[in-house]
Amino acid sequence: MLYLSTRNNKIEKTASQAVLEGLASDGGLYMPKSFAGVEFPMENLAKMGPKEISATVVSLLFAGDEMLKGAGSEYEEAYKLVSKAYDGKFENEDYAPLSKVNDAYVMELYHGPTCAFKDVALQLLPQFIGAAKRATGMEDEIVILTATSGDTGSAALSGFSNVDGVKIIVFYPKKGISAVQERQMVSVDGKNTCVCSVVGNFDDAQSGVKNIFAKLELPKGVQLSSANSINIGRLVPQIAYYFKAYGELLNKNEIKMGDKVNYVVPTGNFGDILAGYFAKKMGLPVGKLVCSSNTNKVLTDFFESGVYNKNRSFYITKSPSMDILISSNLERLLYLTCGDAKCAEYMAQLKEKGEYKLAKDELDKIRQEFDAGFCDDIETIGTIEKVYNEYGYLMDTHTAVAWNVYEKWAEETGNKDKTVVLSTASPYKFSNSVMKALGKSYNGEFDALKKLQEYTGAPVPNSLVNIENKAVFHNVTVEKDDMLDFVSEMVNKKIWHN
Ligand SMILES: *Cc1c(COP(=O)(O)O)cnc(C)c1O
């Protein structure tokens, strides 16, 4: 399988190259050249375990690539990468268990090392990068540079910690990150990791990182890369769990082979939900993909009107991982809908005017596959309370956004097909908001975590047990204007920690 830029089909790379580069040279994102013939063997799905499903998806999308050349078949090589990524990292073998809640299913994607769904992709991406480096004979050291408002940073640190030939620098804003998320990051002790807070907000950290990509003079033998969801290597692992949920519904006799299943996805950068669309293109019988947003509802408006307009107020909400005005991966959907030339044109308009408008036939095409909805913080909190009281199921704020949108959508459309709601974070990762929703008092975030466990009796995930006592390994703060100098110094240093 070759990969093309969303903005210019003539830019063609191998999967290994696409994974190592992250972003195409024209600013576009890499896409599989074609989904024709990329068929998941549905007849075997019900018998397959989670790792087998992942390895099947990987071997289909990276077919023929150097990355999967080895002693065994491509599937066997893919299975090795998947095993290295997942064995012993998740709370149980199954990285995406389903829970029945009322008449729907919640797919819990948060049982990994940092309690957010990004673990599923960020445990596997380092394996792809390692394999791609070996395959292409690249000897350069790769420095992963990431700005984070929380979840991406800790998941990326966990995935890349102590991986050979790769180093990772994470910047996070001093303001606007939770105490649990901060401690998760600064307690990572990998010798190849560097975590640094920035005086400012998330936008300052993000602009600083973009500036570094543009301006940093790299020493010989060092390359920068990104762990952001623009990397195709982050999307591929996420496709697997859409198949996995379907296989489980078959085994539970909830559906028959060929029945359509809807998936409702709490969305920020559009990576998670896009993976569901890829699954559909690979033969999964998906009904509607329902894109759910918080008050930053730029995507809801887009699916309604065909106008994407980022010129609007930005809200800090209780589902902060979805607080976003530019959903990078939407570009990949545009490419599939209207081709590279139109896609490049829309992206140029977004950059110049902050806005673009799809033609009616383009929007119609997208509306056949996707629906969208949003809910505000008050509804989010109300949903956590209601779902806990009525069904005894505890969910975090991001999942609650999706559940709220699901209920409104099901009512409005009357759609009766089985539906899977994706759950993207552990309720313990956002215990403050969850405690508020349950009407309970607490004293600070770490106390909220403890009290939440006392109240619900649900076990705290291993990685969050005693989090407030974890030793701090990183303790650097820089001014936003000093980020470039800081990274410049770090990339010239051979050894970061002893
Ligand atoms: C990143 C994240 C999302 C959004 O996922 P996208 O792929 O960016 O759409 C939703 N919920 C949580 C908890 C996240 O960490």
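This report walks through the ligand site and the nonpolar cores of a predicted model.

## Around the ligand

Let's start with the ligand and its neighbours. The ligand has 15 residues around it, and those that come nearest are Lys118, Asp151, Gly268, Asn269 and Thr424. Sorted by class, this shell holds 5 nonpolar, 7 polar and 3 charged residues.

## Polar contacts and cover

Asp151, one of the residues that come nearest, places a polar side-chain atom 2.6 Å from a ligand oxygen. Phe270 takes part through its backbone, with an N or O atom 3.0 Å from an oxygen atom of the ligand. Gly271 also uses a backbone N or O atom, which lies 3.2 Å from a ligand oxygen.

How much of the ligand's accessible area does the protein cover? On its own, the ligand has 390 Å² of accessible area, and the protein covers 96% of that.

## The largest nonpolar core

Now for the nonpolar side of the structure. The largest nonpolar core contains 111 residues, and within this core Phe62, Phe243 and Tyr263 touch the most other members. Helix H10, spanning residues 232-251, supplies the largest share of this core with 12 residues.

Phe62 is a handy place to begin if you have the model open. Leaving aside residues up to four places away in sequence, Phe62 touches Tyr3, Ala15, Val19, Met67, Leu68, Phe128 and Val236.

## Another core

Terms used
Residues numbered from 1 in each chain as written. Predicted model: local features only at pLDDT ≥ 70, side-chain atom pairs only at ≥ 80, totals over all residues. Heavy atoms only, no water. Near = heavy atom within 4 Å. Polar contact = N/O pair within 3.5 Å; in protein donor to acceptor, adjacent residues only side chain to side chain. Areas by Shrake-Rupley, 256 points an atom, 1.4 Å probe, with all protein chains shown as cover. Nonpolar A, V, L, I, M, F, W, Y, C, P; charged D, E, K, R; others polar. Core = buried A, V, L, I, M, F, W, Y, C linked by side-chain atoms within 4.5 Å. Buried < 20%, exposed > 50% of the residue type's maximum accessible area, 1.4 Å probe, protein only. Helix = DSSP H or I, 4+ residues; strand = E, 2+ residues; numbered from the N terminus. Contact = heavy atoms within 4.5 Å.
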